Amino acid sequence: MPQNETHHLETMDSQGKNMLNPKADSTRKKAVFIDLDGTLWDREVVPASAWKAIEKARANGHLIFVNTGRRHVDIPKFLWDVNFDGYCLATGMQMFKGKELLCQSYIDPGKVKKMIAYLKSQDSGYGLEGNDWGFDDPKYAFRRMIFFAKEDRKDPSIRYPLSHIEPENYDELVKIIFDSDKPYDLEPVAKELGFDILQYKNRFNPSGGVGSFFRGELTDAHHNKAKAMKEMLEAMGVAGQYDIAAIGDSENDIPMLEAADYAICMGNGTPATKEKADYVTTSLDQDGLYNAFAWLGLFEPEKNTKENEQD
């Protein structure tokens, strides 16, 4: 987006009241939980207006958290350097207050092995992931290599052949990746074993829509982004002191939208996610996060005005 092009919404009237969201309680500070892919950034590029919104909101006393399915190793250094108030990672399996580890959970190894047996019966490629490493079968290892080559990026995770996995590694898993040339009915067995399914969008398809037709990840159904919000605020000792706002774009964000006091979907979000939102902001590349923060009333009234130019 050109530096001088903005899509900021004017939200405050002359009395400092929020015209877009008159029900927003300006006397209550907000704890804002933000998804990453499709919400904060696109391919790890954060719009300048999003950084500006985060800086202004934090200066006004609001708390800002990352709430993502990404693992510890998948968070680039620049995002750690921002030192957000907290990071909810791997769909709530690992949580940090700033850079301090608060809690860590793992998937039950028994149900992991049952899911592996099912994936094998479907001739599906798969990978088993811990916080910083992964073990991949040959099919998934090949797809992953293609993906990062097409993205011209280095794989941030340490990867090993599945044949090298040790028994103790099964006790430290946070996610299972599945990847198949053909779709299969994964939902019944996932529900039975206690997994949530996130099927990747087509743009994450490493073969450009030709080869990998059914690809995504399986996470522990007992841990999700909604539970992560609650546990994070409780661990910080501030539960009940802040209104909770959640901002996302895809189906795995729906639990946190449903649990939040204020639910916002990006303009580029999926139809199912938009249906769960109190407010649909503009797209990520059209100042979507900035406008979401404005709708929430996170800025000082005298600073929350329409801007015609962007520094």
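Is Cys 265 buried or exposed? I started there, and Cys 265 turns out to be buried, at 0% relative accessibility. A reminder to myself: this is a predicted model.

**Entry 1: around Cys 265.** I looked for what stands opposite Cys 265 in E13, and found Gly 248. Strand E12 covers residues 243-248 and strand E13 covers residues 262-265; I see them pairing in the parallel sense over four bridges.

**Entry 2: the whole sheet.** Next I traced the strand order. I got an open sheet of eight strands, running E5-E4-E3-E2-E1-E12-E13-E14, and the pairing is mixed. E5 and strand E14 (279-280) are the edge strands, each pairing on one side only. Then I checked which helices sit on this sheet. Helix H6 (residues 225-236) packs on it and touches E1, E2, E3, E4, E5 and E12. The direction of H6 makes about 140° with that of E2. Helix H9 (residues 288-296) lies across E1, E2, E12, E13 and E14, and runs at about 155° to E13.

**Entry 3: the E5 end.** I zoomed in on E4 (residues 94-97) and E5 (residues 100-104), which pair in the antiparallel sense over four bridges. Gln 94 has Gln 104 in E5 as its bridge partner. The two strands form a hairpin with two residues between them, and Gly 98 in the turn has a positive phi of about 60°.

**Entry 4: cysteines.** How many disulfides does a search of the whole structure find? I came back with zero. Cys 88 is in no disulfide, and the nearest cysteine sulfur, that of Cys 103, is 8.2 Å away. For a disulfide the two sulfur atoms would have to be within 2.5 Å. I also noted that Cys 88 is buried, with a relative accessible area of 0%.

**Entry 5: helix H4.** H4 (residues 138-151) has 14 residues, and I read a reach of 20 Å from its first C-alpha to its last, close to the 20 Å expected. Which residues of H4 are buried? My list is Tyr 140, Arg 143, Arg 144, Phe 147 and Phe 148. Seen down the axis of H4, the buried residues fall within an arc of 130°, so they line one face of the helix. They pack against several strands, including E6 (125-129), E7 (133-136) and E8 (158-161). On the face of H4 turned away from its buried side I found the exposed residues Pro 138, Met 145, Ala 149 and Lys 150.

Notes
Residues numbered from 1 in each chain as written. Predicted model: local features only at pLDDT ≥ 70, side-chain atom pairs only at ≥ 80, totals over all residues. Heavy atoms only, no water. Pairing = 2+ DSSP bridges. Buried < 20%, exposed > 50% of the residue type's maximum accessible area, 1.4 Å probe, protein only. Expected span 1.5 Å × (residues − 1). Arc of directions from axis to C-beta. Contact = heavy atoms within 4.5 Å. Axes fitted to C-alpha atoms, helices over the stretch in contact; angles between N-to-C directions.
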